[in-house]
Amino acid sequence: MIQLILTLLIMTLTSVQAQNFKPWQTNIEKLSAFEKHVLINKGTEQAFSGEYVHTKENGIYTCKVCDTPLYKSSDKFDSHCGWPSFDDAIPNAIKEIPDKDGKRTEIVCANCGAHMGHIFKGEGLTKKNIRHCVNSVSLKFKKENNDTKKIAKAYFAGGCFWGVEYYLEQIKGVIEVTSGYMGGKVKNPAYYDVIRKNTGHLETVEVIYDPRQVSYETLAKTFFEIHDPTQIDGQGPDIGSQYLSAVFVKSPKERKTIKKLINILESNGLKVATKILDKTPFYAAESYHQDHYTRKGGTPYCHRRVKRF
Ligand SMILES: [Zn+2]
């Protein structure tokens, strides 16, 4: 009997593990013993021993486990502490966790949880007064070159950003989609200001994509197919100015593309409510809004794919 219970328990655990399998898990198996010691078991490399202590080249530092961009070289500074130091991280890329002893605060990759190092505030070393003290071995450096320069951005507002992010992230050639706010008058708006309609922002996603793999037009077509561009007061059950349909354009070329697509939709009998607006500053939403459906499971409640082109 005990054996049966144990077998059942092991089967349940195995199936839970299978369900929670993340794409970067195979990368963990490829790490060296020392990389595992730092990234997984929260170890620390010796001061001045890491390969990125003194690097000054332009580029991006990504997580060694899941390859998510975490730090920009423009935020790196020489703290003389012996570990790569940054006074800022890419928005929502890093999660802070207080150490059990209450003395220090650990920093981990917000996407996969890999250990990066610790964060120190109030040391007065830079204007931002923050030091992300990161193990070199936790990072991968990607030098800026023609490849990284060929990354482009696009901005779409189509109701609740969770659903727009969910669908656009599935397109091949899309590197990252961030939920956020655009089009308002206030700097750094918070979610609860936006939903009270105090700021004038629209829930908007920023799409970072590789134009060699996917065109702006393909992204825009998908945008028009995953939401209802004819709804004038919001999207689905979400009613209000923050949920309006809009495309924020950065160039006359993008404007022309959107106009062309709207013309096609209108010639097919749709009365399109989507506004074409000039791009304004984009503010990433709070981390609990990012990758909502990937983290929580389920599928969007107010977006679905409808073939329109
Ligand atoms: Zn990671």
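How many bridges join β11 to β12, and do these strands run parallel or antiparallel? Eight bridges join the two strands, and their course is antiparallel. The legends below describe close-up views of this predicted model.

View 1. The chain holds nine helices and 17 strands, and its C-alpha trace spans about 65 × 65 × 40 Å along the principal axes. Of the 309 residues, 33% count as buried, and among the contacts with a separation of 6 or more, 68% come from residues 24 or more positions apart.

**View 2. The open sheet of six strands.** The strands follow the order β16-β15-β10-β12-β11-β17, and their pairing is mixed. At the edges stand β16 (275-278) and β17 (283-284), each of which pairs on one side only. Within the antiparallel pair of β11 and β12, Thr-178 stands opposite Glu-206 of β12.

**View 3. Helices α5 and α7 lying across strands of the sheet.** In α7 (residues 216-226), the buried residues are Tyr-216, Leu-219, Ala-220, Thr-222, Phe-223, Phe-224 and Ile-226. These buried residues pack against the strands β10 (152-158), β12 (202-209) and β15 (245-249), and also against the helices α5 (161-168) and α8 (252-267).

**View 4. The largest nonpolar core, with its most connected members.** This core comprises 35 residues, of which Phe-156, Val-207, Leu-219 and Ala-220 touch the most other members. Two or more residues are given to the core by each of β10, α5, β11 (174-182), β12, α7, β15 and α8. Apart from this core lies another, of 22 residues, which includes Val-38, Val-65, Leu-70 and Leu-139. In soluble globular proteins, nonpolar side chains tend to be buried together.

**View 5. The surroundings of Val-207.** When residues up to four places away in sequence are left out, Val-207 touches Lys-153, Ala-154, Phe-156, Leu-168, Val-174, Val-177 and Leu-219. Two of these partners, Phe-156 and Leu-219, are named together with Val-207 among the core residues that touch the most other members, and Leu-219 is also one of the buried residues of α7.

Key:
Residues numbered from 1 in each chain as written. Predicted model: local features only at pLDDT ≥ 70, side-chain atom pairs only at ≥ 80, totals over all residues. Buried ≥ 20, exposed ≤ 12 C-beta atoms within 10 Å, placed from the backbone. Helix = DSSP H or I, 4+ residues; strand = E, 2+ residues; numbered from the N terminus. Contact = placed C-beta atoms within 7 Å. Core = buried A, V, L, I, M, F, W, Y, C linked by C-beta atoms within 7 Å. Pairing = 2+ DSSP bridges. Axes fitted to C-alpha atoms, helices over the stretch in contact; angles between N-to-C directions.
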